[in-house]
Amino acid sequence: MLEVVGLSKKYGKTLAADQVSFVVPAGKVGILLGPNGAGKSTVIKSIAGLLRFSGKVLIQGQDSRDLEAKRSFAYVPEIPYMYDALTVREHMEFITRAYGVELDEDELKALFERFELWDKQDKLGNELSKGMMQKVSICCALIIRPKVILLDEPMVGLDPGAIRELKALLIELREQGCTILISTHMLEMVKELWDVTFVMEKGRIRGSYAREDLGNGDLDELYFSVTGHEQTAEGNGGGTWEQ
Ligand code: ADP
């Protein structure tokens, strides 16, 4: 379970996240949805411990700053970062050692094959394309078997095959009880994945919705009616408004 309580973050005078609160229940997929600049990355980076913020984040009931909480979650950044001097395989070895997790060869092979990295495992970090880096970054997050996983705009930069594999993997993770938070502005990519959605705009959560709140589960309609970016729908779709 992931709980965010009154999270606020300022960059100078810019209030990028303003009292953001939401809960992704255990084994569910939460979507942080909003236009560019809404504050999604700021929230994700704060949860991941990369930014100082005010408020509270609980991962599996523990403060996100605690070591035990850090051990149980993984983060896939929007812009992947690779170590130039490590090979693809060495990235996996490094991350499992850092998390104190056994590197399971079968699991690694299955992951590399899914993301077409098996024949690229000896390539160095600086020899990879952006899409390949993104795939390595996803594999690094998955190999530690996280209980909670955060993905910031994970579909951007991936080819269609990798997007399909990622979606399938996320569904498998959910079935195994993993709690997932995805930030995105690409409605199409998360349509069949989501359980709860938080629509964010100008640093605030404008509405929180469970799939069962929406008869047809149509995220497009919900998004445009909440943000007013395109007048395609009347009303609020029956969800809970927080503003
Ligand atoms: P999103 O991920 O939804 O596109 P961000 O969290 O990246 O939104 O940005 C939210 C707001 O914070 C924007 O107004 C952005 O310009 C600002 N912002 C983000 N990062 C920084 C930074 N490092 N310094 C100053 N302002 C920032």
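A surface patch, as the term is used here for nonpolar side chains, joins residues that have over 30% relative accessible area and no salt bridge, with side chains within 5 Å. In the predicted model described here, Tyr81, Tyr83 and Phe94 form such a nonpolar patch on the surface, and together they hold about 350 Å² of accessible area. Of these residues, tyrosine 83 is located in the loop that runs between strand S6 (73-76) and helix H3 (88-99). Tyrosine 83 has a relative accessible area of 37% and is therefore partly exposed.

The domain assignment divides the protein chain into domain 1, which consists of residues 2-72 and 146-238, and domain 2, which consists of residues 81-145. The C-alpha centres of the two domains are separated by 25 Å. Domain 1 contributes 18 residues to the contact, and domain 2 contributes 12 residues. The size of an interface is often expressed as the accessible area lost when the parts come together. Between domain 1 and domain 2, about 1,300 Å² is buried, and 61% of this area lies on carbon and sulfur atoms. On the domain 1 side, Pro146, Glu165 and Leu169 lose the most area to domain 2, and together they account for 37% of what that side buries. Three salt bridges are found across the interface of domain 1 and domain 2.

Lysine 135 takes part in a salt bridge with aspartate 159, in which the closest N and O atoms are 3.3 Å apart. Lysine 135 belongs to helix H5, which spans residues 130-143. The relative accessibility of lysine 135 is 8%, so this residue counts as buried, the limit for that class being under 20%. When neighbours within four places in sequence are left aside, lysine 135 is in contact with Phe115, Glu116, Leu117, Leu158, Asp159 and Ala162.

Most residues other than glycine have a negative phi. Glutamine 60, although not a glycine, has a positive phi of about 50°. This glutamine 60 is placed in the loop between strand S4 (54-59) and strand S5 (62-63). With a relative accessibility of 35%, glutamine 60 counts as partly exposed. Lysine 202 is likewise not a glycine, and its phi is positive, at about 50°.

Technical notes
Residues numbered from 1 in each chain as written. Predicted model: local features only at pLDDT ≥ 70, side-chain atom pairs only at ≥ 80, totals over all residues. Heavy atoms only, no water. Helix = DSSP H or I, 4+ residues; strand = E, 2+ residues; numbered from the N terminus. Buried < 20%, exposed > 50% of the residue type's maximum accessible area, 1.4 Å probe, protein only. Contact = heavy atoms within 4.5 Å. Patch = residues over 30% accessible without salt bridge, like charges linked within 9 Å, V, L, I, M, F, W, Y side chains within 5 Å. Areas by Shrake-Rupley, 256 points an atom, 1.4 Å probe, with all protein chains shown as cover. Salt bridge = Lys/Arg side-chain N within 4 Å of Asp/Glu carboxyl O. Domains from an automatic or database assignment. Buried area = accessible area lost by both parts, 1.4 Å probe.
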